[in-house]
Amino acid sequence: MMSERDYGPLSPACVRALNDKLYEKRKAAALEIEKMVKEFARVNNTVQIKKLLKVLGQDFATSQNTNTKKGGLIGLAATAVALGKDTALYTDELIQPILACFSDSDLRVRYYACESLYNVVKVARGAVLVHFTDIFNALSKLAADPDQNVKNGSELLDRLMKDIVTESASFDLVAFMPLLREKIYTKNTFARQFIISWVSVLDAVPDIDLILFLPEILDGLFRILEDHTLEIKKMCDTVLGFSLKFTAITWIKEFVQLSGRMMLPFASGILTAVLPCLAYDSDSKKSILAHEVK
């Protein structure tokens, strides 16, 4: 057993409760941690906050003992809740230990990790985007988790992350693309559904021009289109339908620029195909409209 000093600023009673096999005991300890952190934040005691995060992240969340891990996870979530907007200052210390638990062999630890990170992300919002690739990588694996409860927990976190990306102007699509290119070749049906849902969400964000990266993911999208699950086929077909409409117009534009008057005999057909697209009023389709009117 570690000495009391090693667990500071946690009290001995709080340490015992965090290690308890009963959820109610760990929850009570989390409430004590929340109260403690609020007081630390009120007097701007960053030294004690960092010390607490180190104890929860290193001694608890990465412990070999399953109950101790669970205690660390609920403690980290409680810390984020107490910090409020100041959570943005400690995202690395909060998120990395939780992500490590996503691959734990114990399904309850994986579930509590989802719950813990959900609470951290809910408070930190856009501040977690610097960790987006790590979170996305973890979520893509949990999408194919054998336990339904873990899947459900990861889906809640996934929806929250999509909301944050949609509302944020600081999402780094360039940094994300290598991971998306890698993950898009998964053969797991649930993981494919996860990937397509993200492509669809990113495609709908006005400030994100996913079309520019279409050549990098087009082959992977066609492979997903071959999936045996009808729902995934439909999701993929919807994404490809819009993207191929844009690609076709881009090609026509290039043909017109290169061929000039030679394209006049085909003008009627081109205009018939292009004119309906001028009615687009969605921000996500303005890039197509811009190609048409130039």
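**A close look at F176**

Mentor: Leaving out residues up to four places away in sequence, F176 touches F132, T133, F136, F171 and L202, where contact means heavy atoms within 4.5 Å. Keep in mind that this is a predicted model, in which local features need pLDDT of at least 70 and side-chain atom pairs count only at pLDDT 80 or more, while totals for chains, interfaces and linings use all residues. Residues are numbered from 1 along each chain as its sequence is written, and side-chain values use heavy atoms, with hydrogens and water left out.

F176 sits in helix α9, residues 173–183; helices (H or I, at least four residues) and strands (E, at least two) are DSSP runs numbered from the N terminus. F176 counts as buried because its relative accessibility is 1%. Buried means under 20% relative accessible area, exposed over 50% and partly exposed in between (1.4 Å probe, protein chains only).

Now follow the rings, starting with the pair F132 and W198: edge-to-face, 5.3 Å centre to centre, with 70° between the planes. Rings of Phe, Tyr and Trp (its six-membered ring) pair if their centres lie within 6.5 Å; planes under 30 degrees apart are stacked, over 60 edge-to-face, and the rest tilted. F132 belongs to helix α7 (residues 132–142) and W198 to helix α10 (residues 189–204), 66 residues apart. F136 and F176 also pair edge-to-face, at 4.8 Å and 80°. F136 lies in helix α7 and F176 in helix α9, so this pair ties together parts 40 residues apart in sequence. Finally, F132, F136, F171, F176, F194 and W198 make up one aromatic cluster.
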